[in-house]
Amino acid sequence: MSKEDYTFIRSKTLADLPHLPAHLVIEWLQGQHQCIGEAVAKACYQQLARQ
């Protein structure tokens, strides 16, 4: 992941992550703690449930 992509994702809120390209979020999550991944998964689920 490029430094620009990493900085871009770090500047976003949890609510923004479901709207970003999945491959970037997945790559970013590989370096994050498990609880961050769980929070992102929950946010994605909630976004899908609202649709």
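Ile-9 is buried, with a relative accessible area of 2%; buried means under 20% relative accessible area, exposed over 50%, and partly exposed in between, with a 1.4 Å probe and protein chains only. The model is predicted, so local features need pLDDT of at least 70 and side-chain atom pairs count only at pLDDT 80 or more, while totals for chains, interfaces and linings use all residues. Residues are numbered from 1 along each chain as its sequence is written, and side-chain values use heavy atoms, leaving out hydrogens and water.

Ile-9 lies in helix α1 (residues 3–10). Helices are DSSP runs of H or I with at least four residues, numbered from the N terminus.

| Residue | In contact with |
|---|---|
| Ile-9 | Met-1, Leu-17, Leu-20, Leu-24, Val-25, Trp-28 |
| Val-25 | Ile-9, Leu-17, Leu-20, Val-40 |

The largest nonpolar core has seven residues: Ile-9, Leu-17, Leu-20, Leu-24, Val-25, Trp-28 and Val-40. Such a core is a set of buried Ala, Val, Leu, Ile, Met, Phe, Trp, Tyr and Cys residues joined through side-chain atoms within 4.5 Å. Helix α2 gives the most to this core, with three residues.

Helix α2 (residues 22–29) packs against helix α3 (residues 34–50) at an angle of about 155°, with the axes 10 Å apart. The two helices are therefore roughly antiparallel, the term for angles over 145 degrees. Val-25, Trp-28 and Leu-29 of α2 make the contact with Ile-36, Gly-37 and Val-40 of α3.

Technical notes
Axes fitted to C-alpha atoms, helices over the stretch in contact; angles between N-to-C directions. Parallel < 35°, antiparallel > 145°, perpendicular 65-115°, else oblique. Contact = heavy atoms within 4.5 Å. Lists of a residue's contacts leave out its neighbours within four places in sequence.
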